[in-house]
Each structure stands twice: as structure tokens, then as C-alpha cells.
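The report below goes through one structure chain by chain and contact by contact. Cut-offs are stated where a term is first used.

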Amino acid sequence: MVPTNYYLILSAILFGLGVLAFVFKRNIITLFMAIELMLNAVNLAFVAFSQALGKPDGEVFVLFVIVVAAAEAAVGLGIIILTARNRRSLNVEHVNLLKL
Amino acid sequence: MPILENLWIIPLLPLLGSAINGLFGAKWSKAVVNSVALGSTGVSFLCAVEAVREFLAGGSQPFRKEFFDWIVAGSFRAGFDLQLDQLTVVMLLVVTGVGFLIHIYSTGYMAHEGGYYRFFSYLNLFMFFMLILVLAANYVLLFVGWEGVGLCSYLLIGFYFLKKSAADAGKKAFIVNRIGDFGFMLGMFLLFRSFGSLDFQTVFAKAATWQPEAMGQFGTITVACILLFVGATGKSAQLPLYVWLPDAMEGPTPVSALIHAATMVTAGVYVVARSHILFSHAPTAMYIVAIVGCATAFFAATIGLVQSDIKKVLAYSTVSQLGYMFLACGVGAFSAGIFHLMTHAFFKALLFLSAGSVIHAMGGEQDMWNMGGLSKKIKATYWCMLFGTIAIAGFPPFAAFFSKDSILFAAYNSEKGGKVLYGVGLLAAVLTSFYMFRLIWLTFYGENRYDEHRVHVHESPGSMTGPLMILAFLSLTGGWFALPALFGGKDYFAEFLSPVFGAAEAGGGEAAQSLEHILSIVAVVAATAGLLVAWRMYSKKVTRGTSEGVHKLLYNKYYVDELYAAVVVRPLVWLSSNVLWKVVDAGMIDGAVNGAADGAAAVGDAVRHAQSGNTRSYAVWVVVGAIVVIGIVFWPILHPALFGGVR
Amino acid sequence: MISGALVIFFVLAALAVLGAVSLILQSHPIHSALSLILVMVSLAGLYLLMGAEFIAAVQIIVYGGAVMVLFIFVIMLLNAGVEERTNISKLATFAGVPLALALGGIIAAAIVRSSGHLPPPAANGAMSSTRQLSMLLFSEFVYPFELTSFLILVAILGAIVLAQREN
């Protein structure tokens, strides 16, 4: 039996790596992928708790997270396409019209 | 309706008159303004008379009533409490009676002036405050009236506010009064600290049980009395705070008559008389009062010798006569002081109003050297003024003879230099007689020193001469309360006031009687001497002459104003503009306010760099926030781990 | 006693972490996308290990089959090249890495410290079936379920509007 702890720590590590990627990378699409990574880490935690408590409620939440992530990916990628066409660059640091 | 139960009516009526005239008078005709102002004052006078009647009918029991609590703080209570005893009766009748007469006079005098309604509004307001002052049953309410009359004095002196000298005079009066008021307040604080209350009843009852302090000892009561007297010197224009009174002549003449002769300036004497129990326990303070009063009487008389403005002569005369009143209080003859207060109110108001009549007749001229030979032209005014002059000089049977005489007699009999006080007082009486008769001769006799074509001398209307005659009558008869004393009978006035002041001052013994007679004769001789010298010098043809030496010193009022300006005023102005303005106001206060604004701007400037417009840095800030929140939420779990080492 | 489940767990966990690290270290976005797919597959394996078959299937189908394909389409559409290394944000350059690691660390620490409070895991496989899941979904969670369908509708509309060519 794998102790629930292990899943949770793995989830924490993945989440941390996701945050690291988000801060570190400059390509917009890669940033998005980092977000997906974070969401996956959270899903793992949900399922781990669901298993630990013996109730399927956690899995239902995972379903919802996946649905939302999918919808978000669709819309987000649409925006990325438009932004990339507009700024002619995929570097997030070039999307800086709010800079003083 | 029993007035005594509702004493508040007496001050309230003038207040209503003032408010109505002030708010609506601008649009009303003079007749309506008159009726409001005169009506309120007149009815107030009638109520005062009725209150006195009820008082006397009730066996002359001192009456006190608390109307409502004004200040209640811990054990301290100052309420709107009014009282009536014999002393109040005298003050009340003088204030309302003479006040009413002056109101009537003003309708004639101010008839051609602008701001008519404003004048009467202020005058009524003054009546309100003065009545509060004399009716008050505790020091706090008295102080309200005290301050209020100071305010009205300022308003009325500066009535012609477009004239710079008038506005300056108003300010000077208020500021100098304020200095005195500071002393008065300190005195009140000391009294509260010593006796726990500021009610007259409580304070005097407690003080009576205290041991009287020795001469030369500056105990609590002595210091408190001296402080109260400082306030009195401000309000009643004694040395060294008298300087505002001559300047106050910038105001209209009825104002000079009412405020600066009959009522406001007597407030200081009233306070000293009211606090006589305190003063009796503080011989040092009384001695100081006597000396200051006597010195002022002489000092002011010397200045009055050479003045050329008719009102200035009367102003210095007022200062001098007030000195007499304080001299009386200082030697323990309180009822004599109050007696002189009353007679002074009559003849000084008479003199001022007559002077106003002369000025009115001369079309605004105030310099006596530009008058002359008026006795035939304005007969009524002339006779009234003559009555007043004879009264002030102290000739019997006019009023001041009796009052001044009581004062000089009491001074002669007092311990510790009474003879000196008497001597100086007598000298001042000589000077008084001299300068008053000088005024008469310069103004009414001799040749016309004015241009007959420019000035049309005309007698004043009846509204002005009527009150003059009433006051002249009072100047003649006002002293007759004490007439029987001259022939071995009772001094009715002193007897009337004896429940207030104690019977200690009733004259006694045969020896005292004959001494008093001798001194009265000496006083009359002195007055006659002054008259003769003035007759010699001024009844014939006179020229102005140049001013040099002693004359110049006196004419310039001993340069006291210049001295004050150099020693007090200029340093203060320097301090204010260089320290208080530049350093404190512009530097510190503005600096703090602007500094706060600059600080906020600086903080904003620093924080603004967080809004860089760069997504990556925003991401980092999000991570920072997440760490903080998660740290706070998980703190109970985390913190044993932080310090407990690795488990 | 090392059981088989534990071994499989470690293998899958290592794969997931490897994929995540690779996502960070790769310079071309397409390689990052492929690494992410690796992560997702190993996570699906972990779900299977935990007995959540339905979720594992959904993970593969939706995430791996739809979302990641979408990502790859977009990368190719935009002709994404190697990521350029700009360092315009000083904050992110210097403070980013340490802070991210701190965040991960703090969560891990919290988990480790509170491990005593967790309930013991239930028996394997006996947890839930698809039937149970759907029962729950349509009874207790029917409101969020309907909302998510609404959400998908909105996403579709959004995507259509965004992709429209300007006329």
C-alpha cells in the first residue's frame, strides 16, 4: 500500500515545478503548459484524498477540474493566437503595453 | 408675575431687542428700531424696579435662584444662577436706569449716522451682558458677562469701522482687556482650587472661616485677590492697563457715556466689592488696591490737565474717578466706593452726554481750542454740563461731595500711610476741579474761536436734552442719601448696604464726626482752589501756546503708549512674524502637512514599480502572495517544525 | 517491506517528475509539450494505481487526447521557434526561482508535518466504480455538472469569436 503521504508530496513537488516553470519560461504557450501542470498536480492530490477517505467525492472534483481546464485551454489558446499575431512575438515579455 | 422668581427676564429683554434689531433692523425705519431698542431696555428697567420692590417688600432677604446647570464636571458646578441683594439692587438700578436714559439720548445723537440699527443692536447686547454680570451668583457667570461687555466694547468703539483709528482703538481695548482677563481667570482657578466651588455663597462662606492673612504675607487668598484685581485694572482702566480708555473715545459719545463711564468700567469695582470678604482676609491685596487706585487717580488727573479734546479730558477724568473708587475699596470703605460708583455714573454720564451735545452742536468738532463762547448759544447743554462739573468737583450739595468725602475720610483713617493716601487724593481732587472748570471756560466762555460761517451752532433736540436734564437732577440729588450723616444722622446709603458689607464701616463716635466735618471743609476749599486757578487762567482771552517741557510730557500722556509699543508690542510682533509664523506655522505645521503629502507621494512612487507591466514579475508577486497566505494558513502546523529541528 | 505497488509508484512518480523537469529545461515549446504529455500519462498510471479507473481514462482521453493535441496544433500553427532568452523582468530573473522553490517547499513541509492526521488508505480497488461516480455526479453534484456544461458552451462561443477573421 502506498501511503497517501507519498502521493501528496509528489503532488507538492509537481506543483512547485509548475510554479517554477511559470516563473522561469518566456514562451506564452509554455506558460500555459505550466498552468496545466499545476492543475494536474492538484488533481493528483484530490484523487489521493479521495482514495484515503474512501469517498468518490474527490474524483467528481477531478472531473470538474478537467472540464474547466479543457475549456480554459480552448479559450486561452485562442487568445494566444490573437496576441501572437498582434505582437508578432511569442515572448511574454513583449506583451507589455501596460508598462509605464 | 413675580419678577424676583424670574430674574432672567431682566437680561433677556435687551438680548431679544439686540437679536431682533440685528437680524431685521436693516430694513426697518428708525422709528421701529427705536421702539424695539428702547422698549426692551425700558421694560427691563421697569422689571428691575419691580424686582427691587419685591425684594424690599420681602424683608430685604438676599435672593438666589438657580435656573439651570451650565457646567457640571465632577464636583464642580457652575450654573446659570442669578441673585439679588442690596449691592445688586444698586448696580441693577444704575445699569438699567442710566442705560435707558442713554438709549433715549442715542436716538437723537445717532439720527444721522449710518448703521443705526447696528448701533442699537450692539447697545442692547451690551445691556444684556452687563446685566448678566451684575446679577450673576457665581464667578463663572460673572466672567461670561465680563467677557461679553468687553466684546460689546470692542464692537462699539470700532463702530465707525471704516476709520482706521477707530478700528485700532477697538482692538486695543479688547487686547488690553484680555490681559486683565487672564489675571482674572488665574484668580478664579486659584479660588476654585482653594474652595472647590465658584459660587459666591460657597466661596464667601468658606473664606469667612479662614484665618485672615497678615500684611506682607502672600497667601492663597492674597494672590487670588491680586489676580482678580489685575482683571479689574484691565476692565476698569487702572494703572497699568488704562491705556485703552482714552483711545476708546473713538466710539460714538453715547458709547463713551454708557460703557466707559457709567457701567462697564465699574465692573472692576463691583467685583472687588462683591469679593469684599476675600479682600478683607488679604490686607496686602487691599493695600495694593488702595495704592494703585490712589496713584491712578493722581496720574490720570495730571494728564487731563492739558488735553485739548473734550472727550479725552473726560476719559482721563473717568480713569481718575475710578481710582477713587478703588481707593475706597482698598481702605475697606466698600459702601463708600459703591456710593461713588453710583454718583459717578450720574455725573459722568451727564458730562459725556453734554459733551456729545456740544459736539453735535458744533457739527462734529471735538477740539476745545476751536470752541468758545457757547454758553449763550446752547443754554440747556451749558447748564447741564455746569451741573456735572460742579458735581465732579465735589461742591455740596451735589452728589459727589458726599461720596468723595466718604472716601477721603476713610482713607485718612486707614492704617499704614492713610495720611499719604489722603493727601494724594486731595491733590487729585484739586486737579479734578481745575481741569473740569478749564473745560467749562474753554468751551463755553471767551470769544468764538471757530468760523461762524462754517459752523452753525444749534441746540440739540429734545431726545438729547431730556436725558441730560434727568441726569442733572440726579447729579444734584443722588448723594442726598448720605445727607443726614452730615448733621449727625445716619448715612442711609451705607446703612442700606450694611447687610452686604457688614456694619464695620458705619462711622462712629463724636471725634470721628468732627474730623469728618473738618475734612469735608478742606475738600471744598480744595475744589474752590482748583476753580479759581482755572478761572484765572482760562476765563479771559486764551491762546493755545506751544507745548514744551512738563506740558509736553503731560500732553503726550507720559509717553506710556510709546513705551508699551516699544517694550511689549514690537517684541511680540517680531516674535510672531519671525518665530511663530516662519518657524512654527510655515516650517513645522505646513511642513508636517506637506510632508505627509510628500511622504504619501514618495511611497506611491516607490510602490509604483511593482506595476511594471511585465507578466513575469506579476507572476512572481503572485507566488509571493501565495507563500504568505499559505504560510499564515498552515502556521499552526508549520511552526513547531521551524524551531524543533528536523524530525 | 517494499511491495509492488510501491515500486510502480516510484517509477511512475519518477517519470512524472522527469517530465516536469524536462518541461522546464527544454528550449523548444514542442519538446515541452511532449514532456507534459509524459507527465499526464504517468499521472494516469498513478490514478490507475489508486483505483480510479474512470479518472485515468478521462485523463488520457481529454487531457492527453484533446488538450495536448490542441497545444501542439497551436505551436505548429504559430510556428513557434526556440525560446529567446530575454531578461526584461529583473524580479523574475533573480527572485523567481528561489520563491517558486520556497512555495513548493512550504507546501511539502505542511504535508509532511501533518501526515499524522491523515486517515489510512482504504483497501485497493474497493473504492469506487464508475457507477458510484455517476450516481454521485447526478445527485449531489448535479448543479455544478450543469454549470460546467454551460461553461463549455461559453468556451466554444469564446473560441469561435476569437478565431473569427476581421471582416
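Of the 20 residues of H4(B), 19 are buried, so this helix is largely enclosed by the rest of the structure; a residue is called buried if 20 or more other C-beta atoms lie within 10 Å of its own, exposed if 12 or fewer, and partly exposed in between, with C-beta atoms placed from the backbone. Helices (H or I, at least four residues) and strands (E, at least two) are DSSP runs, numbered from the N terminus. The model is a predicted one, in which local features need pLDDT of at least 70 and side-chain atom pairs count only at pLDDT 80 or more, while totals for chains, interfaces and linings use all residues. Residues are numbered from 1 along each chain as its sequence is written, and chains are lettered from A and ligands numbered from 1 in the order in which they are written.

The table sets out the lengths of the two helices, where the expected span is 1.5 Å times one less than the number of residues.

| Helix | Residue range | Number of residues | First to last C-alpha | Expected span |
|---|---|---|---|---|
| H4(B) | residues 116–135 | 20 residues | 29 Å | 28 Å |
| H8(B) | residues 220–235 | 16 residues | 23 Å | 22 Å |

In H4(B) the reach is close to the expected value, and the reach of H8(B) is likewise close to what is expected. H8(B) is followed by B:Ala237, whose phi is positive, near 55 degrees.

The largest nonpolar core has 210 residues, and those with the most contacts inside it are B:Phe126, B:Leu327, B:Ala349 and B:Leu350; such a core is a set of buried Ala, Val, Leu, Ile, Met, Phe, Trp, Tyr and Cys residues joined through C-beta atoms within 7 Å. Another core, of 85 residues, lies apart from it and includes C:Leu43, C:Ala100, C:Leu133 and C:Ala155. Two residues are in contact if their C-beta atoms, placed from the backbone, lie within 7 Å. When residues up to four places away in sequence are not counted, B:Ala349 touches B:Val98, B:Ile102, B:Ala257, B:Ala261, B:Ala262 and B:Leu471.

B:Thr284, which lies in helix H13 (residues 283–304) of chain B, is partly exposed, with 19 other C-beta atoms within 10 Å. Leaving aside neighbours within four places in sequence, B:Thr284 is in contact with B:Met215, B:Gly216, B:Gln217, B:Phe218 and B:Thr222. B:Phe387, by contrast, is 103 residues from B:Thr284 in sequence and 39 Å away in space, C-alpha to C-alpha.

Domain bounds come from an automatic or database domain assignment. Chain B is divided into domain 1 (4–480 + 489–555) and domain 2 (610–647), and the C-alpha centres of these two domains of chain B lie 83 Å apart. Chain C is divided into domain 1 (1–81) and domain 2 (128–167), with 23 Å between the C-alpha centres of the two.

The contact between chains B and C takes 16 residues from chain B and 16 residues from chain C. On the side of chain B that touches chain C, the elements giving two or more residues are helix H25 (615–633) and helix H26 (635–644) of chain B, and the largest share, 10 residues, comes from H25(B). By class, this side of chain B has 11 nonpolar, four polar and one charged residues, where Ala, Val, Leu, Ile, Met, Phe, Trp, Tyr, Cys and Pro count as nonpolar, Asp, Glu, Lys and Arg as charged, and the others, Gly among them, as polar.

Chain C has six helices and zero strands. The radius of gyration of chain C is 20 Å, well over the 15 Å that the globule rule gives for 167 residues, so chain C is more spread out than a compact globule; the radius is taken over C-alpha atoms, and the rule is 2.2 Å times the number of residues to the power 0.38. The C-alpha trace of chain C spans about 55 × 40 × 25 Å along its principal axes, and buried residues make up 32% of the 167 residues in chain C.

Chain A has three helices and zero strands. Its radius of gyration is 17 Å, whereas a compact globule of 100 residues would have one near 13 Å. Of the 100 residues of chain A, 60% count as buried.
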